[in-house]
Amino acid sequence: MMRKTALWALLLAMAITPAAIATTTWSLEGVYVEARSAQVFIGGCVWNSEAVTIGREAIMAWRIEKGQIDGIDVTGLSVVAAIAGEANLAMEPDAPRRTVLYVDEMANKVQREALAELYTNRNARMFGNVIDVVATPISFVDTTEGYSVRAGTEVELTATALHIDHKAFEQCGNAQWYEPFVPLQNSTLGVTIEHSYQGVALDAQWSDPNTQSSFLGRFSF
């Protein structure tokens, strides 16, 4: 595992800003799963009690099935982000938050640097203060009805599709209250079987299993 070493030092030295990405070309597509510490499909009365107190942590994971960044092939690699904020990440998008970004250890040095720079820039508002970039083994596998993700020993996320008419809305009956953090094709609500961060960099740890708190789908950008 690499922590705050050559990769992170290089990104800091480059003084990454939103403008830095303007000269970068990329095309990526694949599958995505996220989970947050707030239920996305829930009754309105419960949501009202949750919205201002939880939803401050999240895990986002991408598996790139086809992609390139400035001509660098990144097909088959994965990226994971663990985020901890000071307020509900969806309702308070400008509230301070901290992120650890995990880059697939299977990537070579050039691929890792390209992925870290692109994801840090494209998700600057969502990630907030990226305090660590870590090269680590990432497992991102299909399950019967969803995905299971592990990033080293610190992150675990398993979610399965929730088969419901999730666009229905009732005053205090179950309804969808959030949208995915990133634009998705064929977005599906999910039941989060495992959702945990056990690292130390964020000064926060969490485990929030067995909730209706995830999204699954395909990404393309």
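Predicted model: local features only at pLDDT ≥ 70, side-chain atom pairs only at ≥ 80, totals over all residues.

What volume does the second largest pocket have? I get about 180 Å³ for the second largest pocket.

**Pocket lining**

I listed the residues that line the second largest pocket: Trp62, Tyr119, Arg122, Asn123, Arg125, Met126, Phe181, Val182, Pro183, Phe219, Ser220 and Phe221. Sorted by class, the lining comes out at 8 nonpolar, 2 polar and 2 charged residues.

**Helix α3**

I went to α3 next.

Is α3 mostly covered or mostly open? Mostly covered, with 11 of its 14 residues buried. I wrote down the buried set as Gln111, Arg112, Glu113, Ala114, Leu115, Ala116, Glu117, Leu118, Tyr119, Thr120 and Asn121. Tyr119 I had already met in the pocket lining.

Which residue caps the N-terminal end of α3? I found asparagine 108 there, with a side-chain oxygen 3.1 Å from the backbone nitrogen of valine 110.

**Threonine 211**

Buried or exposed? Threonine 211 has 14% relative accessibility, and the cut-off for buried is under 20%, so I count threonine 211 as buried. Its side chain makes a polar contact of 2.8 Å with the side chain of serine 213. Skipping neighbours within four places in sequence, I see threonine 211 in contact with Gln39, Gly190, Val191 and Thr192.

**Glutamate 156**

Last stop: glutamate 156, which sits in strand β11 (residues 155–161). How far apart are the C-alpha atoms of glutamate 156 and histidine 195? I get 5.7 Å, although the two residues are 39 residues apart along the chain. His195 also turns up among the contacts of glutamate 156 beyond four places in sequence, and the others are Ile59, Val149, Arg150, Glu194 and Ser196. With arginine 150 I also noted a side-chain polar contact: 3.1 Å between glutamate 156 and arginine 150.

Note on methods
Residues numbered from 1 in each chain as written. Heavy atoms only, no water. 1 Å grid on protein atoms, 1.4 Å probe; cavity = no way out; pocket = protein on both sides within 12 Å on 5 of 7 lines; lining within 4 Å. Points joined across faces, edges and corners; volume = space filled by probe spheres on them. Nonpolar A, V, L, I, M, F, W, Y, C, P; charged D, E, K, R; others polar. Buried < 20%, exposed > 50% of the residue type's maximum accessible area, 1.4 Å probe, protein only. Helix = DSSP H or I, 4+ residues; strand = E, 2+ residues; numbered from the N terminus. Polar contact = N/O pair within 3.5 Å; in protein donor to acceptor, adjacent residues only side chain to side chain. Contact = heavy atoms within 4.5 Å.
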